[in-house]
Amino acid sequence: MTPRADIDIRTVNEDGLREWTRALSTGFLRSPEVTDAELEARRGGFLPGRTLGAYDGERCVATFRSFPQDLSVGAGATVPADAVSNVTVSPTHRRRGILTRMMNQDLAAAKERGDVVATLIAAEYPIYGRYGFGPATWTSEWTIDVPRAGLDPRWAGPADGGRIDLVDAADVRKLGPELHTRLARQQPGAVSRDERWWQVNTGAVLFGGSWDEPFYAVYRSADGEVDGLVSYEAEDKWDAKQPQVTAEVNWLIAAMPAAERALWQYVCAVDWITKVKTGWRAPDDLLPFFLPDPRAARLTTHADWLWVRILDVVRALEARPYDGVAGGTADGTAGGTVGEATGGSRGLVLEVVDSGGFAGGRYRLEVSAEGAGSCTAGTRDAAEITLDVRELAALWLGDESAVRLAALGRVREERAGAARVADALLRTSRRPWCPDIF
């Protein structure tokens, strides 16, 4: 459908926030009524210039919001990101190019600011690839059948000298930020949580309606260090005088595997709980193998999660760590031309196609023996692999396989074996994971 020139895209000020919120609720199929409580909560997170609305006359018919975010790439490094959220188009105005106009405006502003990437959580898979986004992390959810898990029902706490304590929301707001920072430093794909995140997710800021306080438990190591936190709720259900209670984990973060194991064991050991829904976890989460019988953790969801749109290829490739040079070349021999080790480094030339005009070009990536990446834009070296910017996004944090994408026809090898070199350079030993939705 031809875009309508009479639809006005403009930034929203605080006075227009009620009408914008009504359109947001309409797009997400929620009641369009806007309460004063919700409006006040949204004002607390309002960023001038980062909230867009599309207007047909004075009625807002589409919404779009972005905010600053730090995205972890591992080894303590982060890149500045343009986090995209609250994207809706009212059902009366679909297929009119409105989202394209808002997205292009926001991405151009992000590029101008110097953001390395844009990020979002896609409600629907087919939408965002056309804007250069690709799924960079995936998520999984399990349901644990506690009686089958094989855990000791007499478990009375960690055997490593640590301890688990119940805490309240105020404690979580004090203890959580530092713990999350520790996790994010080591977890590629994790995104920053500001003070407002902790307020919203502990009931200090409400968007209307009631707040049912969850349970919070903290794991402290033997030396008193806070290494893990969990938030969970319980559905009180009994059948024939037998408890059939399901615990739903809202989130669980841990900086050490010992803390992660102890918190899962704690939730499974709470009296009356027979099932545990884990919430969104990493696709290679350790959880199933914490259980004596891993089959007791039934996989119920596996889906794409964090989508990334690369705006600056050089900074993106130079920011992340690499495993370093292990030797070998594209054809799997000691010699060759593609990816050949030179001076203790290993390299690959990528032709990046970007219809959006932000990140296209030819780039040479060199990785040193120590695992540091160096990227040169505009190289005249022959391309060894050609790919769209959305496929580069899927590869960038180390989750996807270039060999697999080549088999799907989404990456083209210009020289035989280049996809294998890309995998050797880019893939990580543990999969990236984003614990958050935004």
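Modeller: Let us begin with Ala-75, which has a relative accessibility of 69% and therefore counts as exposed, since exposed means over 50% relative accessible area, buried means under 20%, and partly exposed lies in between, with a 1.4 Å probe and protein chains only. This is a predicted model, in which local features need pLDDT of at least 70 and side-chain atom pairs count only at pLDDT 80 or more, while totals for chains, interfaces and linings use all residues. Residues are numbered from 1 along each chain as its sequence is written, and side-chain values use heavy atoms, with hydrogens and water left out.

Colleague: Where does Ala-75 lie, and what is its phi?

Modeller: Ala-75 lies in the loop between β3 (59-74) and β4 (77-89), where strands (E, at least two residues) and helices (H or I, at least four) are DSSP runs numbered from the N terminus. Its phi is positive, about 55 degrees, although Ala-75 is not a glycine. Most residues other than glycine have a negative phi.

Colleague: Which value decides how Leu-29 is classed?

Modeller: The relative accessibility of Leu-29 is 79%, so Leu-29 counts as exposed. Leu-29 lies in the loop between α1 and α2, and its phi is near 60 degrees, a positive value in a residue other than glycine.

Colleague: What makes α1 and α2 roughly perpendicular to each other?

Modeller: Helix α1 (residues 17-27) and helix α2 (residues 36-44) pack at an angle of about 105 degrees, with their axes 10 Å apart. Axes are lines fitted to C-alpha atoms, for helices over the stretch in contact, and angles run from 0 to 180 degrees between N-to-C directions. Angles of 65 to 115 degrees count as roughly perpendicular, under 35 as roughly parallel, over 145 as roughly antiparallel and the rest as oblique, and α1 and α2 are therefore roughly perpendicular.

Colleague: Which residues make the contact between α1 and α2?

Modeller: On α1 they are Leu-17, Arg-18, Trp-20, Thr-21, Leu-24 and Ser-25, and on α2 they are Asp-36, Glu-38, Leu-39, Arg-42 and Arg-43, where contact means heavy atoms within 4.5 Å.

Colleague: Why is Thr-51 called buried, and what is Asp-56 called?

Modeller: Thr-51 has a relative accessibility of 1% and so counts as buried, whereas Asp-56, at 25%, counts as partly exposed. Thr-51 is found in strand β2, and Asp-56 lies in strand β2 (residues 51-56) as well. Leaving aside neighbours within four places in sequence, Thr-51 is in contact with residues including Trp-20, Phe-46 and Phe-64. Asp-56 and Ile-9 are 47 residues apart in sequence and 9.3 Å apart in space, C-alpha to C-alpha.

Colleague: How do you know that helix α11 is mostly covered?

Modeller: Seven of the nine residues of α11 (residues 418-426) are buried, among them Val-421, Asp-423 and Leu-425.

Colleague: What radius of gyration would a compact globule have with 438 residues?

Modeller: It would be near 22 Å, and the protein has 24 Å, which agrees; the radius is taken over C-alpha atoms, and the globule rule is 2.2 Å times the number of residues to the power 0.38. The C-alpha trace spans about 70 × 65 × 40 Å along its principal axes, and buried residues make up 51% of the 438 residues.
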